[in-house]
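Please look at the chain shown below.

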Amino acid sequence: MTETHYWLMKSEPSEVSFDDLLTLANQEVAWFGVRNYQARNFMMRDMVLGDGVLFYHSNCAAPGIAGLARVSRLAEPDATQFDPLSPYFDPKATLEHPRWHCVHVQAVKKTRLLTLAELRQIPDLQTLRVLAKGNRLSITPVTLQEWKTLQDLLLR
């Protein structure tokens, strides 16, 4: 049996918000547009079906965790890398040799918005990578203890 992992995955609400996710077919979306090798490698090498996801709104007026999701499809080539009209187009990527991959995530539960400011005030979460100075990764691992603490806060 494969070990479950937990992730914080950032999305700009202007691209895909948690509310948008709830309106999509099967409440599922491809996690497209990731152009950082470390984040890509998390998706390609470490994520498994059913992994828990903290759906985090970033680059907005009130950044924070907006809902819970799960990995619903394993990594596959990100179609946006092949589209010259996409802001995520990569001219070095080919169908034979894609550079970028994405998983699909599916909504589990919309939660209250747990803001970045609130996260910074919780002693048990000070190791959460999204709180680290200079952290810009769009996908970061979350420990089991951090996941349990966050679930308690989000599902009250």
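This is a predicted model: local features need pLDDT of at least 70, side-chain atom pairs count only at pLDDT 80 or more; totals for chains, interfaces and linings use all residues.

Residues are numbered from 1 along each chain as its sequence is written, and side-chain values use heavy atoms, with hydrogens and water left out.

Q: How much space lies in the largest pocket?
A: Rolling a probe the size of a water molecule over the atoms shows where empty space is left. Here the search runs on a 1 Å grid over the protein atoms alone, and a pocket is an open set of points where a 1.4 Å probe fits, with protein on both sides within 12 Å along at least five of seven lines. Grid points are joined across faces, edges and corners, and the volume is the space filled by probe spheres set on the points. For the largest pocket that space is about 720 Å³.

Q: Which elements give two or more residues to the lining of the largest pocket?
A: Lining residues are those with an atom within 4 Å of a point, and the largest pocket has 26 of them, with K10, S11, E12, S58 and S138 nearest its centre. Helices (H or I, at least four residues) and strands (E, at least two) are DSSP runs, numbered from the N terminus. The elements that give two or more residues to this lining are β1 (6-11) and β2 (28-30).

Q: Within what arc do the buried residues of α4 fall?
A: Buried means under 20% relative accessible area, exposed over 50%, and partly exposed in between (1.4 Å probe, protein chains only). In helix α4 (residues 144-154) the buried residues are E146, W147, T149, L150, L153 and L154, whereas Q145 and D152, on the other side of α4, are exposed. The arc is that of the directions from the helix axis to the C-beta atoms. Seen down the axis of α4, the buried residues line one face of the helix because they fall within an arc of 165 degrees.

Q: Which residues is T149 in contact with, leaving aside its neighbours within four places in sequence?
A: T149 lies in helix α4 and counts as buried because its relative accessibility is 11%. What covers the buried residues of α4 includes β1, β3 (52-57), β4 (64-77), β5 (101-115), α3 (116-120) and β6. With contact meaning heavy atoms within 4.5 Å, and neighbours within four places in sequence left aside, T149 is in contact with I122, D124 and L125.

Q: How far apart in space are V71 and M47, C-alpha to C-alpha?
A: V71 has its place in strand β4 and is buried, with a relative accessible area of 0%. Not counting residues up to four places away in sequence, V71 touches M47, V48, L49, G50, D51, V53, V103 and H104. V71 and M47 are 24 residues apart in sequence, and their C-alpha atoms are apart in space by 7.4 Å.

Q: Is P141 buried, partly exposed or exposed?
A: P141 lies in strand β6 (residues 139-142), and, leaving aside its neighbours within four places in sequence, P141 is in contact with Y6, W7, F42 and R129. Its relative accessibility is 26%, so P141 counts as partly exposed.

Q: Where is N59 found?
A: Most residues other than glycine have a negative phi, and most peptide bonds are trans. N59 has a positive phi of about 50 degrees although it is not a glycine, and at 64% relative accessibility N59 counts as exposed. N59 is found in the loop between β3 and β4.

Q: How many disulfides does a search of the whole structure find?
A: A disulfide is a pair of cysteine sulfur atoms within 2.5 Å. C60 is partly exposed, with a relative accessible area of 31%, whereas C102 counts as buried at 2% relative accessibility. Over the whole structure, the number of disulfides that the search finds is zero.
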